[in-house]
Amino acid sequence: MRGDVEGYREYVAARLEPLRRTAYLLCGDWHTADDLASTALVKLLRHWRRVSTMDNPDAWVRRTLLRVWLDERRRPWRREAAWSEVPDRPGTGGATEGAADRLTILGLLAELPPRRRAVLVLRYFCDLSVEETARELGCTTGTVKSQSARAIETLRGRLVGAPARAEEVRTDG
């Protein structure tokens with residue numbers, strides 16, 4: 001049993017920061033990302049004996065993190081947001097230009113439906129193949145391809161200020 005605990009500790013120490021960053025990209029909030037990562041790691045501890053013998057324990061943890069995030073989004077209290085003041089735009093400036101771009105992208109990413117956002121995070125941040133992403137999400141490769149294409153098209157359209165074609169189809173139909 002002691003070897004199991006040490007193996008778990010080593011795994012968590014090596015993978016905690018990438019797991020937190022992935023959670024942040026999914027939810028867009030560091031506090032929630034910490035909660036999601038913690039929940040996923042508690043689930044990992046419960047199943048560590050089985051997961052530690054797998055060929056790719058990272059895939060199991062990512063899938064668990066994704067499921068935890070989707071479960072969290074389904075909770076009704078998560079749909080409410082309180083703001084004392086909402087900024088009109090992110091600040092611009094020489095040293096903060098990159099930060100403003102990142103905030104813009106994160107804001108646009110947050111507007112995507114959960115499945116499209118998950119596809120983009122898994123494909124482009126976690127660098128998974130189409131097949132691996134499909135396995136993680138429990139869908140077909142065609143779904144991954146179409147969801148990522150629509151998500152990218154929507155992001156591009158919003159970035160240049162023109163309506164994305166995917167949204168035009170939705171509003172016309």
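## Overall fold

Among contacts in the chain between residues at least 6 apart in sequence, 60% join residues at least 24 apart, where contact means heavy atoms within 4.5 Å. This is a predicted model, in which local features need pLDDT of at least 70 and side-chain atom pairs count only at pLDDT 80 or more, whereas totals for chains, interfaces and linings use all residues. Residues are numbered from 1 along each chain as its sequence is written, and side-chain values use heavy atoms, with hydrogens and water left out.

The secondary structure of the chain amounts to nine helices and zero strands, and its elements, read from the N terminus, run α-α-α-α-α-α-α-α-α. Helices (H or I, at least four residues) and strands (E, at least two) are taken as DSSP runs and numbered from the N terminus. Of the 173 residues in the chain, 35% are buried; buried stands for under 20% relative accessible area, exposed for over 50%, and partly exposed for values in between, with a 1.4 Å probe and protein chains only.

Although G7 and W48 are 41 residues apart in sequence, their C-alpha atoms are 8.8 Å apart in space.

The loop between helix 1 and helix 2 contains G28, which is partly exposed because its relative accessible area is 37%. Not counting residues up to four places away in sequence, G28 touches A23 and R117, and from C-alpha to C-alpha G28 is 9.7 Å from L103, a residue 75 places away in sequence. Helix 2 itself (residues 30–46) has 17 residues and reaches 24 Å from its first C-alpha to its last, close to the 24 Å expected at 1.5 Å a residue; the expected span is 1.5 Å times one less than the number of residues. Its buried residues are T32, A33, L36, A37, A40, L41 and L44.

## Helix 7 and its two packing partners

Helix 4 (residues 57–74) packs with helix 7 (residues 130–137) at an angle of about 55 degrees, and their axes are 9 Å apart. Axes here are lines fitted to C-alpha atoms, for helices over the stretch in contact, and angles run from 0 to 180 degrees between N-to-C directions. Helix 4 and helix 7 are therefore oblique to each other, since angles under 35 degrees count as roughly parallel, over 145 as roughly antiparallel, 65 to 115 as roughly perpendicular and the rest as oblique. Helix 4 passes helix 7 in a right-handed crossing; a crossing is right-handed if the near helix is turned clockwise from the far one by less than a right angle, and left-handed if anticlockwise. On the helix 4 side the contact is made by A59, R62, R63 and L66, and on the helix 7 side by R135, E136 and L137. By class, this contact has three nonpolar, no polar and four charged residues, where Ala, Val, Leu, Ile, Met, Phe, Trp, Tyr, Cys and Pro count as nonpolar, Asp, Glu, Lys and Arg as charged, and the others, Gly among them, as polar.

Helix 6 (residues 114–125) also packs with helix 7, their axes coming within 10 Å and crossing at roughly 135 degrees, so that helix 6 and helix 7 are oblique to each other. The crossing of helix 6 and helix 7 is right-handed. Helix 6 contributes R115, A118, V119, L122 and R123 to the contact, and helix 7 contributes V130, T133, E136 and L137; by class, the contact has five nonpolar, one polar and three charged residues.

R115 lies in helix 6 and counts as partly exposed because its relative accessibility is 35%. Leaving aside neighbours within four places in sequence, R115 is in contact with L137, G138, C139 and Q147, and its C-alpha atom is separated by 8.9 Å from that of L70, 45 residues apart along the chain. In the loop between helix 6 and helix 7 is D127, whose phi is near 60 degrees, a positive value in a residue other than glycine; D127 counts as exposed because its relative accessibility is 64%.

S148 lies in helix 8, which covers residues 141–160, and this serine is buried because its relative accessible area is 8%. Leaving aside its neighbours within four places in sequence, S148 is in contact with V119 and L120.
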